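Please view the sequence and the structure together while reading.

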Amino acid sequence: MTQNASSPYYLAEPYTEVTVLEVPPVTTVVQAVTDSPMASMAEVFDSTFSALFPALGAHGLQPVGPAFSLHTRMPSDTVDMEVGLPVDRPLAEPVTAGTGITLASSELPGGRIAIVSHLGAYDGLGDAWGAFMQAVAEAGHQPALPFWEIYVTEPSPDQDPAAMRTDLVTLLA
């Protein structure tokens, strides 16, 4: 398995078991949302990525890894999260895209993480997270905030949901 130097824990092959790594922070450009209804998550993703790619191009930034969502608290009926892409360098200042979405520099945190790959449709992510967190605890680690999903397989209308890969990541205390 080879690692992408700009995204230190993105492997070409899935993580088939919980793996603990020490990773550096990764520069990102994101839309941050607070108290966003869970029911509107798809809209947040669609609006973010519709605005993000043109904004990156306009500012000369290059994506260096797959899309992600980083959660800063445990979801309830609402979520606090950042949705975005890892990039080659920070955005100089926040920008408001034509759609009214504000994009800003952020980062995926560095430190000790646990990671595993979920292979399958997004509707299986809830169960995958439960199994992942249980496995992390059973291995003697304590999950911490934030936690994030890396969408290794880019979704498309003709994509077989069973073949999709989402890496689940949590910071460790």
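## Aromatic pairs

Phe45 and Tyr151 are both buried, where buried stands for under 20% relative accessible area, exposed for over 50%, and partly exposed for values in between (1.4 Å probe, protein chains only). The two residues form an edge-to-face aromatic pair, with 5.7 Å centre to centre and 85° between the planes. Rings of Phe, Tyr and Trp (its six-membered ring) are paired if their centres lie within 6.5 Å; planes under 30 degrees apart count as stacked, over 60 as edge-to-face, and the rest as tilted. Because Phe45 belongs to helix α1 (residues 41-58) and Tyr151 to strand β10, the pair ties together parts 106 residues apart in sequence. Helices (H or I, at least four residues) and strands (E, at least two) are DSSP runs, numbered from the N terminus.

This is a predicted model, in which local features need pLDDT of at least 70 and side-chain atom pairs count only at pLDDT 80 or more, while totals for chains, interfaces and linings use all residues. Residues are numbered from 1 along each chain as its sequence is written, and side-chain values use heavy atoms, with hydrogens and water left out.

A tilted pair is formed by Phe49 and Phe53, at 6.3 Å centre to centre and 35° between the planes. These two residues are four apart in helix α1, so about one helical turn separates Phe49 from Phe53. Phe49 counts as buried, at 19% relative accessibility, whereas Phe53 counts as partly exposed, at 45%. The structure holds six aromatic pairs, and ring pairs link Phe45, Phe49, Phe53, Tyr122 and Tyr151 into a cluster.

## The largest pocket

The largest pocket has a volume of about 890 Å³. A pocket is found on a 1 Å grid over the protein atoms alone, as an open set of points where a 1.4 Å probe fits, with protein on both sides within 12 Å along at least five of seven lines; lining residues have an atom within 4 Å of a point. Grid points are joined across faces, edges and corners, and the volume is the space filled by probe spheres set on the points.

The lining comprises 30 residues, of which Phe45, Tyr122, Leu125, Glu149 and Tyr151 lie nearest the centre of the pocket. At least two lining residues come from each of α1, β6 (78-86), α2 and β10. Helix α1 provides the largest share of the lining, seven residues.

## Helix α2

Helix α2 (residues 125-138) has 14 residues and reaches 20 Å from its first C-alpha to its last, close to the 20 Å expected at 1.5 Å a residue. The expected span is 1.5 Å times one less than the number of residues. Leu125, Ala128, Trp129, Phe132 and Val136 are buried in α2. They cover an arc of only 100° around the axis, which puts these residues on the same side of α2; the arc is that of the directions from the helix axis to the C-beta atoms.

Gly126, Asp127 and Glu138, on the other side of α2, are exposed. The buried residues of α2 pack against β9 (111-119), β10 (143-151) and β11 (165-172), with contact meaning heavy atoms within 4.5 Å. After α2 comes Gly140, with a positive phi near 90°.

## Val169 in strand β11

Val169 lies in strand β11 and counts as buried, at 0% relative accessibility. Beyond residues up to four places away in sequence, Val169 touches Ile113, Ala114, Ile115, Trp129, Phe132, Phe147, Trp148 and Ile150. Val169 and Ala114 are 55 residues apart in sequence, with 5.7 Å between their C-alpha atoms.

Gly110 is found in the loop between β8 (102-108) and β9 and is partly exposed, with a relative accessible area of 27%. Leaving aside neighbours within four places in sequence, Gly110 is in contact with Val23, Pro24, Pro25 and Leu171. The C-alpha atoms of Gly110 and Val26 are separated by 7.2 Å, although these residues are 84 apart along the chain.

Pro24 is placed in the loop between β3 (19-23) and β4 and counts as partly exposed, at 42% relative accessibility.

## Backbone geometry

Most residues other than glycine have a negative phi, and most peptide bonds are trans. Asp35, in strand β4 (residues 26-37), has a positive phi of about 55° although it is not a glycine. A cis peptide bond, with omega about 0°, joins Leu145 and Pro146; Pro146 is in strand β10.
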